[in-house]
Amino acid sequence: NQPDIYYIILDGHARTDILQHIYSYSNEAFIKKLESIGFYIADKSTSNYSQTYLSLAASLNLTYVNFLADVVGKASQNRELLKKLMNENKVSKFLREQGYFYVVFSSSWSGIQDTANVDLYVQPTISLSEFAQVLINTTPLPFILRQDQYTQHQNIILYELKNISSIADAKYPTFAFIHVMAPHPPFVFDQNGNSIKQNVPFEFNDLEWKQRYGRTSNDYIKYYRDQLAYIDKLVFNCANDIINRSQNPPIIIIQSDHGPAAIFESNKPSNTGLKERFSILNVYYLPSKKANNLYKSITPINTFRVIFNQYFNTDYKLLPDENYFSPWDRPYSFTNVTQIVQSAINPDSPQSNPH
């Protein structure tokens with residue numbers, strides 16, 4: 001009778017107020033629909049880190065990863081320890097000890113691809129890994145295979161969001177981790193789910209998306225806004241299907257690892273850019289009216305601390321909700337930007353460098 005647990009990561013999904021202030025877009029209809037089916041909206045939530053590797057290594061292990069700076073050095077670019085923390089994470093280990101089956105849905109992202117600690121690794125029949133995508137872009141092949149790359153990426157996103165609810169049919173409790181590489185670039189959908197005509201090589205790195213091929217922040221905002229509108233439709237349908245198919249009310253966490261990057265620059269972030277990057281979508285469906293221990297500004301570091309305390313009688317203390325910036329090429333060079341990130345959003349304020 002234990003509830004299935006779905007941890008759905010929507011990579012780069014912005015918070016509602018950021019969408020309004022920076023993107024001139026309202027997703028309030030999406031948020032209200034989630035509320036109408038029982039979701040709790042943490043509408044002041046922020047990510048603990050500005051990069052996916054750091055953010056997920058922290059949330060899946062219920063602790064900050066700043067200690068790695070002393071292990072590998074602040075100047076290191078090696079992310080192998082972060083991969084190890086994600087693939088051998090404490091959340092899945094704890095739940096498997098409680099009798100849970102651990103399922104990972106692949107997005108072709110290189111962070112979680114070790115199947116040794118997974119009971120079921122789910123991916124489309126044909127998909128290219130992130131490494132393979134990068135390798136192809138070093139050859140003349142992108143100009144030949146470009147559309148195939150974008151089409152594959154579309155299919156992976158659709159496959160994940162349309163098949164997650166099948167987990168509800170399992171006979172035993174399941175912990176499902178689903179990483180969806182959207183609304184994060186590459187932008188492959190318009191607001192109605194149609195394919196976008198692509199004239200440039202396939203690109204995963206959202207921090208470089210603007211810097212290549214003459215693209216601007218305004219281009220990013222337009223394509224991001226359209227893709228997010230379609231992704232939100234898919235996500236609501238997915239969440240609703242999970243709830244309707246579940247014999248026992250499930251636990252559903254829909255959360256972003258970090259925000260988008262229309263304004264954010266990794267090497268010289270402005271105050272507004274930091275708020276854009278750290279302000280995230282974070283919503284919870286908790287059965288038996290147990291959302292009372294959640295709070296509006298909860299960060300991912302405390303997500304499973306709250307859930308484990310409520311449903312598995314653990315005694316985790318909540319950690320301070322803090323935000324740490326580090327440049328892309330120096331992921332372990334941490335700067336505490338909590339005061340900037342969690343201050344009121346004012347798009348007209350001076351965008352000074354926090355350092």
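How are helices H6 and H12 oriented to each other, roughly parallel or roughly perpendicular? I opened the notebook with this point, bearing in mind that I am reading a predicted model.

**Entry 1: H6 against H12**

I looked up the packing of helix H6, residues 90–97, on helix H12, residues 303–312, and found an angle of about 10 degrees with the axes 12 Å apart. The two helices are therefore roughly parallel to each other, since angles under 35 degrees count as such. I then listed the residues that make the contact, which are Val 91, Phe 94 and Leu 95 on the H6 side and Phe 304, Phe 308 and Phe 312 on the H12 side. Sorted by class, this contact has six nonpolar residues, with no polar and no charged ones.

I next asked how many residues of H12 are buried. The count is nine of the 10, so the helix is largely enclosed by the rest of the structure. I noted the buried residues of H12 as Thr 303, Phe 304, Arg 305, Val 306, Ile 307, Phe 308, Gln 310, Tyr 311 and Phe 312.

**Entry 2: strand E1**

Which strands pair with E1, and in which sense? With strand E5, residues 174–180, E1 pairs in the parallel sense over six bridges, and Tyr 7 stands opposite Phe 177 there. With E6 there are five bridges, again between strands that run parallel, and Ile 9 stands opposite Gln 255 of E6.

**Entry 3: salt bridges**

The side chains of Lys 83 and Glu 80 form a salt bridge at 3.7 Å, N to O, which falls within the 4 Å cut-off. These two residues are three apart in helix H5, residues 80–87, and so are separated by about one helical turn. An α-helix has 3.6 residues a turn, so residues three or four places apart point the same way. Lys 83 counts as partly exposed because its relative accessibility is 22%, and Glu 80 is likewise partly exposed, at 48%.

The side chains of Lys 210 and Glu 265 meet at 3.2 Å, N to O. Lys 210 lies in the loop between helices H9 (206–209) and H10 (217–245), and Glu 265 in the loop between strand E6 (251–255) and helix H11 (271–278), so this pair ties together parts that are 55 residues apart in sequence. I recorded Lys 210 as buried, at 8% relative accessibility, whereas Glu 265 is partly exposed, with a relative accessible area of 32%.

Notes:
Residues are numbered from 1 along each chain as its sequence is written. This is a predicted model: local features need pLDDT of at least 70, side-chain atom pairs count only at pLDDT 80 or more; totals for chains, interfaces and linings use all residues. Side-chain values use heavy atoms; hydrogens and water are left out. Helices (H or I, at least four residues) and strands (E, at least two) are DSSP runs, numbered from the N terminus. Buried means under 20% relative accessible area, exposed over 50%, partly exposed in between (1.4 Å probe, protein chains only). Axes are lines fitted to C-alpha atoms, for helices over the stretch in contact, and angles run from 0 to 180 degrees between N-to-C directions. Angles under 35 degrees count as roughly parallel, over 145 as roughly antiparallel, 65 to 115 as roughly perpendicular and the rest as oblique. Contact means heavy atoms within 4.5 Å. Ala, Val, Leu, Ile, Met, Phe, Trp, Tyr, Cys and Pro count as nonpolar, Asp, Glu, Lys and Arg as charged, and the others, Gly among them, as polar. Two strands pair if DSSP finds at least two bridges between them.
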